[in-house]
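This briefing is meant to be read with the sequence and the coordinates side by side. Please look at the fold of one chain before turning to the individual elements.

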Amino acid sequence: MTAPRSALRLLRRICASFTGTTGFVIVAIVLVAALFAPWVATTDPDRLDVMNRFAAPSLAHWLGTDHLGRDLYSRLVHGTTVAMSVALSSIAIAFCVGTLLGVVAAYLPPRLERLVLIVFDVIASFPSMVLALAIVAVFGPSTLIVVIIVAVTLIPHFGRVARGQVLSLKSAPFLEAERILGASFPRIVLHHLLPNILGPLVILASMDIPVVITIEAGLSFLGLGVRPPLASWGTLIQDGYQYLSDSWVPVVVASLALAVATLGFTLFGEALRDAVDPRIGRER
Amino acid sequence: MSAAGATRTDEMMRYVGSRLITTVLIIVGAMLLLFALTAIVPGDPATTMLGPQASPELAKRIIADMGLDQPLATRLWRFFANAVTGNLGIDVISGRSVTGLVAEVIPYTLILTFSAIGLAVAIGVPLGIFAATHRGSVLDNILAFVSVAFIAVPSFVIAIFLLLIFAIWLDWLPVLGASRTGGIGDELKRMVLPTLALALGWIGFIARLVRASMLEVMGEPYIRTSRAYGLSDRLVTYKYALKNACIPTITILGLGIGRLLGGAVLVEIVFARPGLGRLIYNAISERNYPVVQGAVLVVVVLFVLVNLVVDLSYSAIDPRIRHDAPDPGAPG
Amino acid sequence: MTPPLVSIRNLTLEAATARGTAHILRGVDLDIGRGRIVGVVGESGSGKSSLASCLLRLLPTNVSRIDGQIVFDGTDLNALDDAAMNDFRGKRIAMIFQDPMTALNPLFTIGTHLVDVLRRRHPGLARDEAMARASAALVSVGIGDAPLRLRSYPHQLSGGMRQRVMIAMALAVEPDLLLADECTTALDATVEAQIVALLEGLSRGFDGSIVFISHHLGLVAQLCDDLCVMYAGTIVESGPVAEVLANPRHPYTRALLACELDDHAHGGRLVSIPGEVPDPVALHAACVFAPRCSHAIDACRASIPALREAGPGHRAACIRFEELA
């Protein structure tokens with residue numbers, strides 16, 4: 001098949017610009033760190049060494065230690081896994097549910113379609129951080145809750161784009177032709193519609209990754225996201241922030257990691273969008 | 001294609017009407033959601049709130065105070081009826097009205113948010129125009145990269161860096177809180193870093209948006225017409241093109257205000273400033289549901305109203321009135 | 001004879017495209033006489049609109065080369081810098097565009113458009129004086145309720161109405177040269193006829209020259225004094241309308257005429273010229289029309305034919321026009 005080759009061509013186009021290459025390199029590093037955290041990390045991220053608090057960076061502790069003497073580098077690496085699993089799972093949920101709702105909405109009678117759109121509007125009218133706060137207030141903080149909240153806030157995002165795409169394609173001549181030739185409705189949707197609307201949705205998903213990382217880190221920073229001892233970047237920043245008067249190293253290191261990762265995914269997402277179709281971003 | 005005059009006002013009224021109805025529907029939907037959330041609190045909310053050691057009598061009193069012994073429908077009705085009259089419930093811990101609590105802190109959040117937007121527009125729009133009119137120049141490229149960086153990095157991370165650099169290392173500005181002495185000068189100084197933390201991402205965002213919109217508009221046939229008649233660059237750029245470029249900018253700005261409010265919550269906490277964010281955050285730690293519910297509702301209503309104002313102002317700029325609202329794509 | 005208003009010599013325009021350099025204009029020679037109405041016809045892609053863009057130097061950003069001379073009343077426009085060129089736009093040269101739906105800025109009233117253009121034409125013109133002139137300009141193009149229309153936005157006007165506004169705008173600046181680029185193509189047939197009638201009437205009171213670009217030979221015959229037939233970036237035939245139509249010398253002109261006649265006979269474009277317009281990226285060393293010409297011989301494919309005198313003021317670029325007559 002030509003899939004690997006076209007993927008390679010896409011990659012070459014993404015890396016055509018300096019910003020695209022930067023983004024790709026950062027994304028690759030983050031993904032490797034997330035997938036192989038136990039091997040990339042130098043030590044157990046949760047091992048306490050209270051005698052060795054706020055140690056300066058050294059060969060044993062590449063980025064020094066935190067207020068409990070835990071190895072910062074290893075905690076950062078494991079934080080990558082947390083960030084990526086939250087981001088990817090919530091986006092996967094939002095992608096599936098949102099696309100389904102969007103496609104269905106496009107085929108519903110106008111009244112019902114309006115209802116779906118209003119539900120989208122209601123969800124979108126909650127600033128996602130505030131919605132998260134309201135839900136955490138009720139259910140208490142947990143990783144699962146974070147995933148669900150983020151997924152819910154992103155559903156309208158995918159739903160609207162999917163609906164728009166379907167509407168613009170619905171009466172396209174090639175679909176008309178299929179219908180006249182007697183193709184069944186599910187066949188039209190699965191074989192003709194979905195493949196054609198997938199591109200913009202995938203780009204949307206990639207551009208949502210930094211947004212999700214930010215929300216998760218923000219919630220964890222408030223102590224309302226991932227629970228300890230799991231190390232999220234947000235938790236690391238919070239820990240460092242609490243002990244700012246002892247050492248500025250942990251907070252700076254964790255903030256930088258978060259900043260570089262979100263920047264990397266943003267650059268990558270934009271390069272991907274430009275490589276596939278420069279128009280998509282503008283429609284939003 | 002309608003004739004000028006009367007029909008235009010009709011169109012306008014119909015648009016405003018449908019927009020108002022949607023707004024009301026969104027607020028009602030948001031209230032239902034908030035009500036549902038508190039209605040499904042796992043376990044008995046009063047005990048959760050007070051802790052297991054609380055005496056049963058106290059728990060009973062709280063339950064009665066909150067009306068939790070009533071049937072669900074009654075509670076829903078009371079929630080709506082009270083909200084309409086401006087009563088958002090009672091803070092079960094201090095016994096004060098939630099409306100009062102919100103009213104006390106809302107100016108802080110509003111001033112912070114709007115000064116951030118003001119700053120971002122004041123800096124971002126000229127930068128965007130500059131980038132569009134100097135397309136491909138070194139400054140344009142630098143600006144493009146810096147904009148992405150500011151957009152991508154979460155505002156609370158920017159807040160932490162600003163705090164470290166300007167308040168701790170350089171010691172130029174006061175670190176935390178709002179002014180206790182009430183002096184305007186002192187309060188202004190304390191506002192600088194939080195405003196900057198919120199605004200930086202938006203400066204980048206607006207600059208990019210204005211640049212992209214300007215470039216797109218500059219390629220439109222009607223701009224070609226203006227050029228064909230020899231109108232000066234200044235007139236073409238600032239009068240004809242800028243107004244067209246404003247439409248997408250304003251829309252997305254309005255939709256992005258939700259993210260800005262979310263960012264403001266975190267920034268308020270980083271800088272230990274009073275505000276809606278802090279109010280909600282503290283209420284969550286105390287499991288003070290009525291306060292969370294009331295304050296979140298206020299944030300949502302605020303956000304929806306801002307969007308309404310933005311939408312209507314945007315239809316005032318654009319005589320054609322577009323109905324399709326694009327998605328927000330704003331920094332956090 | 002007085003010198004022509006515009007004298008174009010060897011005008012060459014190239015643009016960079018993804019497939020290589022596109023040759024938009026391949027050395028065009030054309031004179032536009034004072035007070036004459038010159039019709040330019042050709043298929044899409046023949047370079048007729050680019051010719052107009054060159055006269056105003058409003059070119060797309062991918063243009064890589066522009067060469068030759070455009071002598072306008074003694075001044076070579078191609079030698080001017082941008083500021084000096086801009087002095088001609090909206091003062092001595094005005095243009096009417098193809099699509100009246102997009103040529104007016106949707107966010108500004110008709111009045112604003114006209115007033116800005118008038119105040120650029122006459123610096124120092126007071127606002128209400130400009131408004132009065134704008135109103136008069138609208139009346140002159142047959143727009144009745146001018147005060148109301150001045151306050152209207154473009155989307156509130158029909159296509160024909162908008163094109164009238166564009167014409168009013170062009171005439172309001174009293175140019176020496178008016179460029180009308182396919183100004184009726186985007187309109188309905190009935191509206192098209194009205195606009196053509198309007199132009200016909202207006203041209204009698206207009207001292208300047210007009211370049212009327214169209215792919216519709218019938219309109220040109222109705223409206224113009226001179227005709228210029230373009231094909232693949234070159235002029236293949238030019239001369240007085242009556243002379244060229246009565247006595248077409250270039251096979252391409254004849255083919256166009258045949259299409260037009262057929263159009264009227266059948267009420268549709270049933271017969272077309274076989275073959276395709278040449279690829280603009282390709283370089284030519286022969287007659288550009290040879291691949292589609294039923295009369296082409298080896299000599300046609302050997303060199304590029306020059307425009308030759310075929311009658312009084314009538315020129316054609318075909319080596320065989322004597323034998324084919």
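The points below go from the whole of chain C to its sheet, then to a single glycine, and end with a helix of chain A.

The model is a predicted one. In chain C, the secondary structure amounts to 11 helices and 12 strands, and 8 of the strands form an open sheet with mixed pairing.

**Overall form of chain C**

- The radius of gyration of chain C is 20 Å, which agrees with the value near 20 Å that a compact globule of 325 residues would have.
- Taken along the principal axes, the C-alpha atoms of chain C fill a box of roughly 65 × 50 × 45 Å.
- Of the 325 residues of chain C, 45% count as buried, and among its contacts between residues at least 6 apart in sequence, 65% join residues at least 24 apart.

**The open sheet of chain C**

- The strand order in the sheet of chain C is S6-S7-S8-S3-S9-S10-S12-S11, with mixed pairing.
- Strand S6 (93-96) and strand S11 (308-311) of chain C each have a single partner strand and stand at the edges, so one side of each is left without a neighbour in the sheet.
- On average, and with direction ignored, neighbouring strands of this sheet are turned by 20 degrees against each other.
- Strand S7 (residues 177-181) and strand S8 (residues 209-214) of chain C run parallel and are joined by 5 bridges; within this pair, C:Leu178 has C:Ile210 of S8(C) as its bridge partner.
- Helix H1 (residues 48-56) of chain C packs on the sheet, where it touches strand S3 (37-41), S6, S7, S8 and strand S9 (226-231) of chain C, and the direction of H1 makes about 145 degrees with that of S7(C).

**C:Gly68 and its surroundings**

- C:Gly68 lies in strand S4 (residues 63-72) of chain C, and it counts as partly exposed because it has 17 C-beta neighbours inside 10 Å, whereas a buried residue would need 20 or more.
- Leaving aside residues up to four places away in sequence, C:Gly68 touches C:Arg9, C:Asn10, C:Leu11, C:Thr12, C:Gly27 and C:Asn78.
- One of these residues, C:Thr12, is 56 residues from C:Gly68 in sequence, while the C-alpha atoms of the two are 6.1 Å apart in space.

**A helix of chain A**

- Helix H8 (residues 173-180) of chain A is hardly covered, with a count of 0 buried residues among its 8 residues.
- Just after H8(A), A:Gly182 takes a positive phi of about 95 degrees.

Definitions and conventions:
Residues are numbered from 1 along each chain as its sequence is written. Chains are lettered from A and ligands numbered from 1 in the order in which they are written. This is a predicted model: local features need pLDDT of at least 70, side-chain atom pairs count only at pLDDT 80 or more; totals for chains, interfaces and linings use all residues. Two strands pair if DSSP finds at least two bridges between them. Helices (H or I, at least four residues) and strands (E, at least two) are DSSP runs, numbered from the N terminus. Axes are lines fitted to C-alpha atoms, for helices over the stretch in contact, and angles run from 0 to 180 degrees between N-to-C directions. Two residues are in contact if their C-beta atoms, placed from the backbone, lie within 7 Å. A residue is buried if 20 or more other C-beta atoms lie within 10 Å of its own, exposed if 12 or fewer, and partly exposed in between; C-beta atoms are placed from the backbone. The radius of gyration is taken over C-alpha atoms; the globule rule is 2.2 Å times the number of residues to the power 0.38.
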